[in-house]
Amino acid sequence: MLAIRRFASPLFAPAFALLALSSLAGCDESNQSFFAPACPALDIPGSAADQFVYDGKSADIGSLVSHAQITSLSGDCERGPEGPHGHQTVRTRLSLAMNLTRGPAATSNTIDVPYFIVIMRDGKIVDKKVFTDTFRFPPNVSTQSVRTNLRLIDLPATDNMAQENPYTLEIGYQLTHGELGYNREHLSPVAFHSHTQ
């Protein structure tokens with residue numbers, strides 16, 4: 001399994017399914033040999049790794065409704081189902097780990113967290129999907145660690161699917177213009193690094 005850790009600092013065509021990281025060995029039925037499909041490159045833009053929601057009165061702590069922060073990303077990949085035109089696919093699976101904080105201005109015990117997954121090939125956006133997961137806070141709890149629902153994406157495989165994958169996946173919070181501007185103005189640059197475990 002490959003995880004993306006934070007250090008300080010059906011989609012494609014009409015419906016292809018989400019991220020390939022590491023390898024979950026699949027079985028090539030033509031010769032019964034095992035292979036590890038190559039996975040898409042992964043990118044988490046630092047400016048989209050936090051979401052601060054304020055009540056509109058000010059941008060101080062007393063007006064904070066919620067803060068979501070991506071802490072890690074984990075997933076795997078395996079040989080996917082046959083595509084709509086009979087081609088082979090690589091199935092990718094993805095889940096984000098986050099820290100959530102309910103701020104003093106919160107009026108609900110739930111937080112909706114919108115995040116995106118963008119599929120890119122050769123530097124161009126092929127598709128984008130936006131998801132929203134809702135998390136409930138227990139009574140008298142203001143901070144908790146959570147994990148999103150598992151998301152799936154099937155991407156077209158190359159002829160040499162064990163050694164190359166031409167796609168890149170970008171993942172981050174779906175921010176408003178104001179939220180993105182706040183991150184760029186107030187937060188230090190963030191870098192994410194991959195590792196296997």
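Arg 91 and Asp 154 form a salt bridge, with their closest N and O atoms 2.7 Å apart; the term denotes a side-chain nitrogen of Lys or Arg within 4 Å of a carboxyl oxygen of Asp or Glu. This pair links distant parts of the chain, since Arg 91 lies in strand E7 and Asp 154 in strand E11, 63 residues apart. The model is predicted: local features need pLDDT of at least 70, side-chain atom pairs count only at pLDDT 80 or more, and totals for chains, interfaces and linings use all residues. Residues are numbered from 1 along each chain as its sequence is written, and side-chain values use heavy atoms, with hydrogens and water left out.

**Salt bridges**

- The whole structure contains four salt bridges.
- Asp 154 is buried, at 7% relative accessible area, whereas Arg 91 is partly exposed, at 24%; buried means under 20% relative accessible area, exposed over 50%, and partly exposed in between (1.4 Å probe, protein chains only).
- Another salt bridge joins the side chains of Asp 76 and Arg 93 (2.5 Å, N to O).
- Asp 76 belongs to strand E6 and Arg 93 to strand E7, so this pair ties together parts that are 17 residues apart in sequence.
- Asp 76 is buried, with a relative accessible area of 11%, while Arg 93 is partly exposed, with 24%.
- Asp 122 and Arg 121 also meet through their side chains in a salt bridge (4.0 Å, N to O); Asp 122 is exposed, at 66%, and Arg 121 is partly exposed, at 37%.

**Pairing of strand E7**

- Strands (E, at least two residues) are DSSP runs, numbered from the N terminus, and two of them pair if DSSP finds at least two bridges between them.
- E7 runs antiparallel to E6, to which 13 bridges join it; here Ser 72 stands opposite Ala 97.
- Six bridges join E7 to E11, also antiparallel, and Leu 94 stands opposite Arg 151 in E11.

**Nonpolar core**

- The largest nonpolar core has 25 residues, and those with the most contacts inside it include Leu 96, Met 98 and Tyr 173; such a core is a set of buried Ala, Val, Leu, Ile, Met, Phe, Trp, Tyr and Cys residues joined through side-chain atoms within 4.5 Å.
- Strands that each supply at least two residues of this core include E6 (64–79), E7 (89–102) and E8 (110–121).
- The largest share of this core, five residues, comes from E8.

Note on methods: Helix = DSSP H or I, 4+ residues; strand = E, 2+ residues; numbered from the N terminus.
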